[in-house]
Amino acid sequence: MCDVMEKAVVEERINSIKILVSSLEEFGISSEAIIEKVMEKFNFSRDEATKYVNK
């Protein structure tokens, strides 16, 4: 059961990141600013954040 819950949490986090990135892109925010925001909100390294922004 723990694996199922962990997977659900990870999927929800990924979905949240995608929504944040998409929303900021719609407002014309630069990729660099979006990367910074993802780093801040999700405690990611620059490399991790960049992967989500450049998808």
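Residues are numbered from 1 along each chain as its sequence is written. In this predicted model, local features need pLDDT of at least 70, side-chain atom pairs count only at pLDDT 80 or more, and totals for chains, interfaces and linings use all residues, while side-chain values use heavy atoms, with hydrogens and water left out.

**Helix packing**

Two packed helices are described by the angle between their axes and the distance between the axes. Here helices are DSSP runs (H or I, at least four residues), numbered from the N terminus. Axes are lines fitted to C-alpha atoms over the stretch in contact, with angles from 0 to 180 degrees between N-to-C directions.

| Helix pair | Axes come within | Crossing angle |
|---|---|---|
| H1 (residues 2–26) and H2 | 10 Å | roughly 150° |
| H2 (residues 31–42) and H3 | 9 Å | roughly 125° |

So H1 is roughly antiparallel to H2, a word kept for angles over 145 degrees. Their crossing is right-handed (the near helix is turned clockwise from the far one by less than a right angle). On the H1 side, the contact (heavy atoms within 4.5 Å) includes Arg-13, Ile-17 and Leu-24, and on the H2 side Ile-34, Lys-41 and Phe-42 are among the residues. By class, this contact has seven nonpolar, one polar and four charged residues. Ala, Val, Leu, Ile, Met, Phe, Trp, Tyr, Cys and Pro count as nonpolar, Asp, Glu, Lys and Arg as charged, and the others, Gly among them, as polar.

The crossing of H2 and H3 is right-handed. Arg-46, Ala-49, Thr-50 and Val-53 are the H3 residues that meet H2, where Ile-35 and Met-39 are among the partners.

**The rings**

Ring pairs link Phe-42, Phe-44 and Tyr-52 into a cluster. Rings pair if their centres lie within 6.5 Å; planes under 30 degrees apart are stacked, over 60 edge-to-face and the rest tilted. Phe-42 and Phe-44 are tilted, at 6.1 Å centre to centre and 35° between the planes. Phe-44 and Tyr-52 are stacked, at 5.7 Å and 20°. Phe-42 is buried at 16% relative accessibility, and Phe-44 is buried at 15% (buried is under 20%, exposed over 50%, partly exposed in between, with a 1.4 Å probe and protein chains only).

**Lys-51**

Lys-51 sits in helix H3 (residues 46–53). Lys-51 is exposed, with 58% relative accessible area.

Key
Helix = DSSP H or I, 4+ residues; strand = E, 2+ residues; numbered from the N terminus. Parallel < 35°, antiparallel > 145°, perpendicular 65-115°, else oblique. Phe/Tyr/Trp six-rings, centres within 6.5 Å; stacked < 30°, edge-to-face > 60°.
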